[in-house]
Amino acid sequence: MSALENSLWLLPGELRNTLRHLPEKSASEVCEIRLRRGRLPAVTLTDGEHPLLDTSAVTAADLARVLELASGASPYAASDCLRRGFITAEGGVRVGFCGRFPGGERGLWNRDDLFSCLLYTSPSPRDMRRS
């Protein structure tokens with residue numbers, strides 16, 4: 001299973017289907033999947049970022065769903081990871097989150113606190129160019 005295929009289970013259905021139908025060459029080059037609220041999802045390939053034009057803009061519900069899946073349906077239990085900015089989901093997929101994460105003992109948040117997330121499917125293009 002490729003790194004991209006390993007991360008698809010975390011994504012909303014429409015986006016998952018779009019990524020499953022990428023040309024094989026492009027699919028093998030996906031380094032990151034970027035989801036920013038209010039913008040089209042994008043993938044980072046070895047030659048830079050490319051928006052996925054056949055999809056809808058990312059919603060707060062999409063980001064909340066990724067967080068729910070990545071955290072095993074317990075974002076509150078994963079709050080320490082969120083304070084560091086990422087969660088390592090099942091299968092070793094790293095998911096970075098950007099938003100407002102209240103401090104305090106309980107660290108409660110709501111879906112409007114999430115602004116974006118980034119799924120790392122392989123080393124970044126910058127890292128690849130260094131090797």
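Which residue in strand 3 stands opposite valine 43? Histidine 50 does. This is a predicted model.

**Strands 1 and 2**
- Strand 1 spans residues 32-36, and strand 2 spans residues 42-45.
- The two strands pair in the antiparallel sense, over three bridges.
- Within this pairing, arginine 34 stands opposite alanine 42 of strand 2.
- Strands 1 and 2 form a hairpin, with five residues between them.
- Glycine 38 sits in that turn and has a positive phi of about 85 degrees.

**Strands 2 and 3**
- Strand 3 covers residues 48-51.
- Strand 3 pairs with strand 2 in the antiparallel sense, over four bridges.
- A hairpin links strand 2 to strand 3 through two residues.

**Side chains of strand 2**
- Ala42 and Thr44 point one way from strand 2.
- Val43 and Leu45 point the other way.
- All of these residues are buried.

**Glutamate 32**
- Glutamate 32 belongs to strand 1.
- Its relative accessible area is 5%, so glutamate 32 is buried.
- The side chain of glutamate 32 makes a polar contact with the side chain of arginine 34, at 2.7 Å.

**Cysteines**
- Cysteine 31 has a relative accessibility of 1%, so cysteine 31 counts as buried.
- Cysteine 117 counts as buried because its relative accessibility is 3%.
- Buried here means under 20% relative accessible area.
- The model has zero disulfides, since a disulfide needs a pair of cysteine sulfur atoms within 2.5 Å.

Notes
Residues numbered from 1 in each chain as written. Predicted model: local features only at pLDDT ≥ 70, side-chain atom pairs only at ≥ 80, totals over all residues. Heavy atoms only, no water. Buried < 20%, exposed > 50% of the residue type's maximum accessible area, 1.4 Å probe, protein only. Polar contact = N/O pair within 3.5 Å; in protein donor to acceptor, adjacent residues only side chain to side chain. Pairing = 2+ DSSP bridges.
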